[in-house]
Amino acid sequence: MFKPRSGVITAALLCLALCLSQGGALAQTPSASPSQQGSTTREGMPTQGFNPDRVELHEQELLGKLRNVQGNISIPDGRASVLIQQQGRTWRDYRRGPLLWITAACVLGMLGLLILFYLIRGRIRIEGGRGVATILRFGAFERFMHWMTATSWCILALSGLNVVVGRRLLLPLIGNDAFTTFSEWAKFSHNFLAFPFAAGVVLMFLVWLRQNIPNRIDVEWFKQGGGIIGHNHPAAEKFNGGQKAVFWIVMLGGGALTVTGLALMFPFYVTDITGMQLAQVLHGGIALGMIAAMMGHIYIGTVGMEGAIDAMDTGSVDLKWAKEHHSLWVEQEMAKIATPISHPAE
Amino acid sequence: MRMFFLAVLVMAVAGVGAAAALNTIQKPANQAFATPGARVDPGEE
């Protein structure tokens, strides 16, 4: 229902827009100057001149017709000359609608797929059970950089999800005060732990790049379903095709998240408001894709496969497990042990 | 799990370091977006 107060706001907005616009937006609207015409009040009384109570004015209609409103200002900050930016509405609508569905699809969809996969396939066990012999798969530094990246990533993902869906899901559960405190700390965590995450991505790139170059062995690994679909064990090096895919998802996705995150962390340093909206959309979209991928990675590294977590726990894995899932790598390691150390002639 | 706990410790230290570094570069919104003629938040000096 129309209220006198909203009419005053409408009139004030209209006056402001008229002052700022350079004849572009409002000149196209048929109601650009109706306030100068004779009109009627809410009570139906005829008026002359400007009438803030005109019933024909509707805020939504007016806002819909005002698109890019930009004018001239006298204060030093030139960005303040933009009163209304159309892309901002598109960005807001995306956050209120499609982004929620994309989030649900990535998180709940992947969770559902993993549960379904577990029910169908069950846990992938070591054939014949665990053996006695183990082989060192990851050294201390490799495990350290993996855990630093993984832990910071989990906090970044949860605090990022809070930005997208926290108000809808968490706020009703814990109340305003707790949600405010949580969101404040989540925001701090998101900004500050982005740096150890980025450092971890760089370290993993430097340490694991050489072993993650895709090759024909990986193509064959994928053709055979990686041993995950079915029960055969295709040959693989230290990192199989699936792990190499995860590596490149983390490298490319983590790099993109770092760049877009820095653009958001330092507003207007490198881009304008439209660029930051684009950075936010990219940041959220890439992060959601990575969340889905990492859920799969975490599943197969823990409950999905017997013996896999040992690689990141103690660093040593069951030799039978290693032969099943990384047979070529085991052969290489065995060859190193078998090769006698040659001493140069004195 | 020693590497896990070490990684969490280093992550926390790096986070605190990042916070300290950012606080020297970034300013609060009421300062960053204020001009001599306008203050974003008049409630804060």
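Predicted model: local features only at pLDDT ≥ 70, side-chain atom pairs only at ≥ 80, totals over all residues.
Start with the overall make-up. Chain A has 346 residues, and 23% of them count as buried. Its secondary structure comes to twelve helices and six strands. Take the contacts in chain A between residues with a separation of 6 or more: 67% of them join residues 24 or more positions apart. Chain B has 45 residues, of which 11% are buried. Two helices and zero strands make up its secondary structure.

Next come the helix pairs. Two packed helices are described by the angle between their axes and the distance between the axes. In chain A, helix α8 (residues 241-265) and helix α9 (residues 273-301) have axes that come within 9 Å and cross at roughly 150°. Angles over 145 degrees count as roughly antiparallel, so α8(A) is roughly antiparallel to α9(A). Their crossing is left-handed. On the α8(A) side, the residues that meet α9(A) include Val246(A), Ile249(A), Gly253(A), Ala256(A) and Leu257(A). Among their counterparts in α9(A) are Met276(A), Ala279(A), Leu282(A), His283(A) and Ile286(A). Sorted by class, this contact has 13 nonpolar, eight polar and no charged residues.

Helix α9(A) also pairs with helix α3 (residues 86-96) of chain A; here the axes come within 10 Å and cross at roughly 15°. Angles under 35 degrees count as roughly parallel, and α3(A) and α9(A) are therefore roughly parallel to each other. This crossing, too, is left-handed. From α3(A), the contact uses Gln87(A), Gly88(A), Trp91(A) and Tyr94(A), while α9(A) brings in Thr274(A), Gln277(A) and Val281(A). The tally by class is three nonpolar, four polar and no charged residues.

A further pair in chain A is helix α5 (residues 140-169) with helix α6 (residues 171-208). Their axes are 6 Å apart, and the packing angle is about 145°. As α5(A) passes α6(A), the crossing is left-handed. Here the contact holds 16 nonpolar, ten polar and three charged residues.

What about the nonpolar cores? In soluble globular proteins, nonpolar side chains tend to be buried together. The largest nonpolar core in this model has 28 residues, and the members that touch the most others are Leu193(A), Ala194(A), Phe195(A), Phe197(A) and Ile291(A). The biggest contributor is α6(A), which gives nine residues. Leaving aside residues up to four places away in sequence, Ile291(A) touches Cys106(A), Val107(A) and Ala157(A). Apart from this core lies another one, of ten residues, and Phe138(A), Met312(A), Val317(A) and Trp329(A) are among them.

Now for where the chains meet. The contact takes 17 residues from chain A and 16 residues from chain B. On the chain A side, the elements that give two or more residues are α5 and α6. The largest share of that side comes from α5(A), with seven residues. By class, the side of chain A that touches chain B has eleven nonpolar, three polar and three charged residues.

Most residues other than glycine have a negative phi. For Phe268(A), though, phi is near 70°, a positive value in a residue other than glycine. Is Phe268(A) buried, exposed or partly exposed? A residue needs 20 or more other C-beta atoms within 10 Å to be buried, and 12 or fewer make it exposed. Phe268(A) has 14, so it counts as partly exposed.

Asn68(A) is found in the loop between α2 (59-65) and β3 (69-70) of chain A. Because it has 14 C-beta neighbours inside 10 Å, Asn68(A) counts as partly exposed. Between Asn68(A) and Arg89(A) there are 21 residues of separation in sequence, and C-alpha to C-alpha they are 11 Å apart in space.

How values were computed:
Residues numbered from 1 in each chain as written. Chains lettered and ligands numbered in written order. Axes fitted to C-alpha atoms, helices over the stretch in contact; angles between N-to-C directions. Helix = DSSP H or I, 4+ residues; strand = E, 2+ residues; numbered from the N terminus. Parallel < 35°, antiparallel > 145°, perpendicular 65-115°, else oblique. Left-handed = near helix turned anticlockwise from the far one by under 90°. Contact = placed C-beta atoms within 7 Å. Nonpolar A, V, L, I, M, F, W, Y, C, P; charged D, E, K, R; others polar. Core = buried A, V, L, I, M, F, W, Y, C linked by C-beta atoms within 7 Å.
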